[in-house]
Amino acid sequence: MWSFSARLGKFSAGLLLAGFLSACGFHLRGEYNVPFGSVYVSAAGTSQIAKRLQRELTNSPTKLTNAVKDAEAQLNIVDERRDRLILSLSGGGRVREYQLKLTVRYQLVDNKGGVAIPTSEIQLQRILTYDDSQVIAKQQEEALLYLDMERDAAGQILRRMSAIARVL
């Protein structure tokens, strides 16, 4: 059974931790405050980033439109590229590590043709250790790493869009 002083000590430690977190500017990520009431997301082909951005915008106050003419802004995913490079080899010439890269180029234009965000590029990379005896597991790990990079890229784009809200 906990004594009163032990409970008070734990409560004080929790309160102190909360104070430190708020003092350093930490806060939970909430909705993205995009400065446009409606956005159209365009991309060539089957862009995973565009799909993720559409999903994120659907869960925000910003309306996602199906036509450019109905939108206050158009987010163009200009290019999305995935690369897998050999990073290291074993003494026997087998791959030991890959470097996975995701490069996304995007631009945000308002409905008057003004460029709100000029063509910008996000480059993300992760390292994948590889083992020939675990091919299926490593394929799944690679897919998860790309998914993580997609989330990160979409979040960076939305945070950049939110940052221009303070400028406009």
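Modeller: The sheet is open and has five strands, in the order E2-E1-E3-E4-E5, with mixed pairing. Strands here are DSSP runs of type E with at least two residues, helices are runs of H or I with at least four, and both are numbered from the N terminus. Two strands pair if DSSP finds at least two bridges between them. Strand E2 (63–64) and E5 stand at the edges. Each has a single partner strand, so one side of each is left without a neighbour in the sheet.

A word on the model. It is a predicted model, in which local features need pLDDT of at least 70, side-chain atom pairs count only at pLDDT 80 or more, and totals for chains, interfaces and linings use all residues. Residues are numbered from 1 along each chain as its sequence is written, and side-chain values use heavy atoms, with hydrogens and water left out.

Now the setting. The protein has three helices and five strands. Along the sequence they follow the pattern α-β-α-β-β-β-β-α.

Next, the pairings. Strands of a sheet pair through backbone hydrogen bonds, either parallel or antiparallel. E1 and E2 run parallel and are joined by two bridges. Here Ser 38 has Lys 63 in E2 as its bridge partner. E1 also pairs with E3, again in the parallel sense, over five bridges. Ala 43 stands opposite Ile 77 in E3.

E3 and E4 pair antiparallel over 15 bridges. Leu 75 has Leu 108 in E4 as its bridge partner. These two strands form a hairpin with five residues between them, and Gly 93 takes a positive phi near 85° there. E4 and E5 also run antiparallel, joined by twelve bridges. Val 104 stands opposite Ile 122 in E5. This hairpin has four residues between its strands, and Gly 113 in the turn has a positive phi of about 90°.

Buried means under 20% relative accessible area, exposed means over 50%, and partly exposed lies in between (1.4 Å probe, protein chains only). Thr 103 and Gln 123 are 20 residues apart in sequence, yet their C-alpha atoms are 4.5 Å apart in space. Contact means heavy atoms within 4.5 Å. Leaving out residues up to four places away in sequence, Thr 103 touches Asp 79, Glu 80, Arg 81, Glu 121, Ile 122 and Gln 123.

What packs with the strands? The largest nonpolar core has 32 residues. Such a core is a set of buried Ala, Val, Leu, Ile, Met, Phe, Trp, Tyr and Cys residues joined through side-chain atoms within 4.5 Å. Leu 75, Ile 157 and Met 161 touch the most other members. Strands E1 (38–43), E3 (73–89), E4 (95–110) and E5 (115–129) are among the elements that give two or more residues, and so are helices H2 (48–58) and H3 (135–167). H3 gives the most, with nine residues. Take Ile 157. Not counting residues up to four places away in sequence, Ile 157 touches Ile 49, Leu 53, Leu 75, Ile 77, Val 104, Tyr 106 and Ile 122.

H3 also holds Glu 142. Glu 142 is buried, with a relative accessible area of 16%. Its contacts, beyond neighbours within four places in sequence, are Arg 84, Leu 100 and Leu 128. The side chains of Glu 142 and Arg 84 make a polar contact (3.2 Å). A polar contact is a pair of N or O atoms within 3.5 Å; within protein, one must be able to donate a hydrogen and the other to accept it, and residues adjacent in sequence count only if both atoms are side-chain atoms.

A charge sits over a ring if NZ of Lys or CZ of Arg is within 6 Å of the ring centre and within 35 degrees of the ring normal. Likewise, Arg 82 lies over the face of Tyr 146, at 4.7 Å from the ring centre.
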